[in-house]
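I opened this entry to keep track of what I looked up, item by item. The notes follow the order in which I went through the model.

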Amino acid sequence: MAAGRALAALLAALLAASAQLIPREVSFTVSLHKADNTTVTIKLKPGLLPSCRIRMKNVFRTELKITPGENVTFTFTCSTPEKYFIMEIQKNIDCVSGLCPFGDVHLYPLGLPRLNRTYSWDVKASTKAGLELKFSTSWLRQIEPGETCPDSVSYNISSCIDKAMVNIGTFCRNGSVSRIKLLGGVFMSLHLPWHLPLTTSGFNIANRSSIKRLCIIESILKGESSITLMSPNYPLGFPEDELMTWQFVIPSNMRASVFFHNYSLSNCERKEERVEYYIPGSPSNPEVFKLSDSQPANIAGSFNMSLQGCDQDAQNPGILRLLFQVVVQHPQVDENVTHLVDLSKEKNMTVTIHVEGWPSHVPLMSEPICLICKDPRTCDRVLTLTSGSIYRISFLCKDLSRLRITAEKGIGCMDIRFCQRKIYSLSVPKAITRLPIRLYKFIWKLLATDMINVEITSLSLKLQQDVPEQRCNTNYSYSIVSATPETKLNLGVFCPGGSIEKIQMRNNITISLKMFGKGLINESVPQDLKMSFVPHIKDECMFTVSPNPKAEVYLQTPWPYGLPPYVSISWFIVVPSQQTARLAFSTDRMGIACETGRAFVNIKEETLGAEEIVRREDELLPQPRNMHHNFWVNVSNCKPVDKTPLTLQFWVTFADKQIDLGVILGVVAGAGVLTAIGLTVYCVKKKKKKIQNPMVGVYNANVNTQMPGKKGLLGKGRQNNESHVYAVIDDAVVYGHLLKESNGSVAPEVDVYRPFDGPIGSLPPSPPPFSFRKDIKRSSNAEEEPSSLLDTDQDTYTFAHHKSGQSEDNGDANKNGKGDTNVPLLENKEQDGLVE
């Protein structure tokens with residue numbers, strides 16, 4: 001018996017424990033008074049399966065609607081109905097035929113389940129009696145469509161005019177909007193999350209007289225603050241030909257500024273869309289502005305702002321919308337301090353003063369504001385000044401270090417005759433350097449026609465290319481870019497303190513001076529960058545490099561962007577007379593494979609008979625070598641196979657020239673040989689003088705010996721034709737300058753052959769035209785095609801010829817000694833087999 005009682009007690013305990021584990025269904029009873037005119041609807045969230053249901057009198061359903069006068073009890077089949085159901089409570093208020101329930105609006109009914117819920121109040125009113133919604137002390141803050149409130153509590157307010165619904169806006173709690181006055185009916189909704197046990201709506205309704213406009217929104221701002229507001233129906237269109245007003249209540253010791261951030265205009269048939277301000281104390285109330293104007297700033301105390309629409313085009317109405325910001329701040333201590341910016345003598349220049357990070361970074365509404373004013377009431381976060389004018393600007397900003405200056409100046413040349421000799425200074429004007437604001441960037445845009453190029457010089461400071469081996473350590477640098485519709489050549493970054501004293505470039509050039517760190521560009525910072533327009537050059541870019549004799553100079557194709565396809569670039573390196581330059585490349589090969597054309601590296605010293613070195617992209621680059629004279633380095637690109645950029649670097653170092661004892665001995669020996677030759681020739685001369693006079697040439701009587709009548713008929717000058725070249729010259733004539741006797745009886749002849757010792761050309765070495773670079777055959781024994789000797793009617797003498805062919809040798813010597821610098825230095829290199 002005792003065992004049976006114990007077993008029964010155990011079973012009872014287990015049943016009690018299991019009963020506690022089984023969730024008990026909670027029942028809800030909702031009673032709606034018929035006079036309240038309220039309807040409650042509970043339904044599944046959109047897109048969810050009916051995993052949980054509503055049970056009422058053993059009937060299961062997914063939606064329940066309770067109408068006025070009903071008393072309903074129900075339960076849910078799950079313990080977390082807030083995951084599946086939402087609730088809508090709508091109350092209709094008729095202020096046309098009956099009395100309005102003015103005063104606080106309560107959340108009715110009580111005892112509702114804890115679900116995400118939306119309370120709606122549909123208030124019908126006459127257009128002759130406007131309604132006022134007054135909010136509790138937390139007030140409201142308007143948000144943009146799609147934005148959510150931090151606490152998930154939001155209000156949506158609409159107005160009903162002639163059965164048309166106008167969305168005034170969506171608002172969160174904790175803002176500055178204290179009252180909204182509306183014309184006609186109101187549809188007000190309040191969205192609450194399930195976990196928030198809110199018992200009051202936070203607003204009340206009051207009756208007002210007609211306001212004769214769509215709505216009035218009152219905003220109270222205390223202390224430094226910033227608010228954002230939008231026109232009704234934003235981002236859709238403001239109702240046609242409507243008027244609305246914002247009232248801003250601001251302490252008298254504060255200053256307010258209005259900024260339009262986003263707006264659009266409709267297509268008006270009549271009237272004009274505009275903004276009107278009523279500012280107490282203003283001599284011209286209302287002040288009228290276009291939406292495209294800079295809006296009033298630095299307003300002392302409270303003011304009103306109204307938006308007026310127009311009669312729109314029925315076929316193409318367009319959209320009138322507006323999003324704007326009102327910023328309130330204390331008066332600035334230096335707001336009455338003005339800075340003179342004189343741009344009256346400048347041309348084609350704009351100066352923009354802005355907050356740091358503009359335009360990519362737009363300051364947040366909550367960030368401290370910095371305003372730039374060109375008069376006490378015209379201020380903005382960004383102010384643009386144009387050349388040809390004088391400005392007096394002031395700053396409403398606690399920290400001027402947050403402001404920056406970006407300026408742009410254009411320099412153009414359409415006719416080289418008018419601008420070739422002009423030198424333009426690429427320096428920051430004093431009007432900018434004297435401002436207490438940091439210069440962020442100054443841009444020069446150099447524009448010219450196709451046959452006019454730009455020469456950039458920096459003779460005293462010189463420029464240094466910013467490469468990994470030689471980084472710029474100055475507080476400013478220059479970025480240089482040339483561009484055509486087909487090609488953009490970005491040379492890279494340069495700074496003062498290097499070896500580049502001249503850069504010649506083709507096409508339109510953009511030079512950007514950019515500041516770094518906290519430094520300011522002022523009159524104490526040296527700037528010697530200048531530019532001029534020059535005739536057309538052969539390469540896309542040519543550098544003139546004049547290094548310090550003790551320097552180690554690194555030079556590179558555009559870095560880090562590389563050399564574009566089919567672009568050629570040259571460097572002219574100046575070697576001091578007592579120095580020897582050591583040229584070396586940083587890699588063994590160019591590092592590219594060509595799809596079309598060929599890539600070349602060409603090296604040539606600027607001296608007579610200098611060897612020219614040519615390497616293709618599939619060959620090893622030259623080994624380090626000594627250069628004793630000024631020399632050229634040319635790099636030209638092909639079209640790479642995989643779009644690999646051509647990045648080639650070389651460097652130049654200098655050392656003092658060593659005196660070679662062998663050379664000195666050779667010079668002394670040469671002098672002795674010349675002395676011996678002189679004595680020998682003197683003896684021969686003495687012997688031949690007794691026999692015959694020196695033969696100069698054979699006269700041809702069939703040739704006209706008269707001088708031409710007009711100088712212009714001479715096809716070529718004496719230095720360019722062969723009229724003074726002798727085919728047969730006697731030894732006595734060749735050495736005539738050694739045979740002059742003491743009595744002067746024998747004078748040396750004038751027209752004697754001398755080797756060419758004129759100046760060498762200054763053009764850089766250039767590769768063959770791109771059309772010939774696809775397949776170049778290399779040949780070590782290719783012969784140079786002889787240049788033809790042009791005959792003219794003005795040749796007055798012919799000469800006899802020796803049979804031995806001596807005259808042909810002399811003729812070839814004359815051809816090779818002309819020193820024609822008009823032919824590109826590398827054009828014959830293809831025919832010579834490109835042999836180093």
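I began with Cys413 and Cys419, and both come out as buried. The two are joined by a disulfide, with an S to S distance of 1.7 Å. I note here that the model is a predicted one, and that every value in this entry is computed from it.

**Other disulfides**

How many disulfides does a search of the whole structure find? It returns 9, and I wrote down some of them.

I looked up Cys373 next and found it linked to Cys379 by a disulfide, S to S 1.9 Å. The link of Cys373 and Cys379 is right-handed, with 105° about the S-S bond. Cys373 is buried, and Cys379 is buried as well.

I then turned to Cys95, which a disulfide joins to Cys100 at an S to S distance of 1.5 Å. Are these two cysteines buried or exposed? Cys95 counts as buried because its relative accessible area is 15%, under the 20% cut-off. Cys100 also has a relative accessible area of 15%, so it counts as buried too.

I went through the backbone next.

Where does Pro286 sit? I placed Pro286 in the loop between β22, residues 274-278, and β23, residues 287-289.

Another cis peptide bond joins Trp559 and Pro560, and omega there is about 5°. Pro560 lies in the loop that runs between β45 (552-556) and β46 (568-573).

**Positive phi**

Asn233 is not a glycine, yet its phi is positive, near 70°. I located Asn233 in the loop between β18 (225-230) and β19 (243-249). At 18% relative accessibility Asn233 is under 20%, so it counts as buried.

Asp241 is another non-glycine residue with a positive phi, about 55°. Which loop holds Asp241? I found Asp241 in the loop between β18 and β19. Asp241 has 29% relative accessibility and therefore counts as partly exposed, a class that runs between 20% and 50%.

**Whole protein**

I left the totals for the end. I counted 6 helices and 54 strands in the protein. The protein has 836 residues, and 42% of them count as buried.

Note on methods
Residues numbered from 1 in each chain as written. Predicted model: local features only at pLDDT ≥ 70, side-chain atom pairs only at ≥ 80, totals over all residues. Heavy atoms only, no water. Helix = DSSP H or I, 4+ residues; strand = E, 2+ residues; numbered from the N terminus. Buried < 20%, exposed > 50% of the residue type's maximum accessible area, 1.4 Å probe, protein only. Disulfide = S-S within 2.5 Å.
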